[in-house]
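Student: I am new to reading structures of this kind, and I would like to go through one with you, feature by feature. Where should we begin?

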Amino acid sequence: MTELDDIDGLAAEYVLGTLSREERAEAAARKETDPEFARAVQAWERRLGPLSETLAPVQPPPGLYNKIRAQIGLASHVVSLKAREQAIVRRGNRWRSMAAGMTALAASLAGVVGWQDYQRRQMPTQYVAVLQADKALPAFLLTVDTQSNMFVISAMQKPPEAEKSYQLWLVHDDMPNPKSLGVFDDSEMDVRPMTPPGKMHDMMMDGTYAVSVEPKGGSPTGAPTGPVVFSGRLVKATP
Amino acid sequence: MQSSRETLDQLLDGVARGDEAAFAELYQVTSAKLYSVALRILRNSEAAEDVVQDSYFKVWERARDFDPRIAAPITWMAAIVRNRALDEVRRRAARPQADVAELDNIESDDEHPVEVLGRREDVERLRRCLEGLEAEKRQMVQLAYLHGLSREALASRFGHPEGTIKTWLRRSLAQLKGCLEQ
């Protein structure tokens, strides 16, 4: 089997992201001074980069773009439709590809990312649910990766009060009661194998995920007792 | 990324010349993907927002350094976001670990058909090569790359010493490299 030499091995792990804080800092400094190492890093970014492209998009909060403009020193503005139309006319030879970009944007905004027929015929490898309160920052991100068969729950926020916990539930018309999928007290990640094909699997794919605020450690009754603060459903995602 | 590479090349070219409209378009077509990258690694929506903000600032400042012969635009941008997100996540205190026992239950997905998408050649090639890794090692690579787990975190999740994890990761990466170069 191919072996990686020291430089290539370090570059590979730097890009993979598995180095400690100190090792990362050293590697980042080396990248600036050692062209051979910098080339090795670029080669690994090319090799592994397509993995990022398999991720389902998540819309950032609406105010982010203006924060970026402010940081750059540009006046805060909203790109008006008129300005966009003028831009399209100005770059007439680019308008088709840009329109494709806009279609993709609209599709991702709608939560439906598949946009070409041949893609729709293929089973996507990822489903994602973003659980959030209305227009607020995402609080939970659920990912079903059919390639690796993983169900990943990422909790992004702490419960509002220290003596409370968040509890994640699956709600489905075919189930008399919500099913608990875990109690979360902090931003944390939980990886579990996806339920094998069957009734439960189907309910997980088309049910609603809801997060309630419960006493520390989870609901004492086995059913949600507190208010539901975030909810969402899985949507298909394609690279 | 749904946008064609040519579109992004042109937009980055515009950004390098200080074209604000190009920057706006670039943000519109790439931000959901990049936010998703940061969100998974940081597991905190506010921190992810900060990292994405800093990253676009850097894209604006350094778009002229972008060389389409070296990287695809989305790869270049995602690398900026990932590096910032990884630095930030390492800077923060060690995060709580999920139940190691849960991972012991992860089945080999050999019993389930693995679906392959054929939209992008390089995505599909990497997928095929990942499938060549043993299930546990493939999970390690994905958890590290997409979710930002360090060697230390992988060691605790998979119940092996860090040295073993390092050896496995480097072997898996060597195997991937060999497969991708075929």
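Tutor: Let us begin with confidence, given as pLDDT, the predictor's confidence in each residue from 0 to 100. In chain A the lowest confidence falls in helix 7 (residues 117-120) of chain A, with a mean of 36, whereas helix 1 (residues 6-16) of chain A has the highest, at 96. Helices here are DSSP runs of H or I with at least four residues, strands are runs of E with at least two, and both are numbered from the N terminus. This is a predicted model, in which local features need pLDDT of at least 70 and side-chain atom pairs count only at pLDDT 80 or more, while totals for chains, interfaces and linings use all residues. Residues are numbered from 1 along each chain as its sequence is written, and chains are lettered from A and ligands numbered from 1 in the order in which they are written.

Student: Over which residues of chain A does pLDDT stay under 50?

Tutor: Where pLDDT is low, the predicted coordinates should not be read in detail. In chain A that stretch is residues 77-124, although the mean pLDDT of the chain is 78 and 76% of its residues reach 70 or more.

Student: What is the order of the strands in the open sheet of chain A?

Tutor: Two strands count as paired if DSSP finds at least two bridges between them. In chain A the 5 strands follow the order 6-3-2-1-9, with antiparallel pairing. Strand 6 (188-193) and strand 9 (235-237) of chain A each have a single partner strand, so one side of each edge strand is left without a neighbour in the sheet. Within this sheet, strand 1 (residues 126-131) and strand 2 (residues 140-145) of chain A are joined by 6 bridges, and A:Val128 has A:Thr143 as its bridge partner.

Student: Turning to chain B, how many helices and strands does its secondary structure have?

Tutor: Chain B has 9 helices and 0 strands. A residue is called buried if 20 or more other C-beta atoms, placed from the backbone, lie within 10 Å of its own, exposed if 12 or fewer do, and partly exposed in between. By that rule 47% of the 182 residues of chain B are buried, and in helix 2 of chain B the count is 20 of 23 residues.

Student: Where is the kink in helix 2 of chain B centred?

Tutor: A bend at a residue is the angle between axes fitted to the seven residues ending there and the seven starting there. In helix 2 of chain B the kink is about 50° and is centred on B:Thr30. Just after this helix, B:Arg43 adopts a positive phi of about 55°.

Terms used. Contact = placed C-beta atoms within 7 Å.
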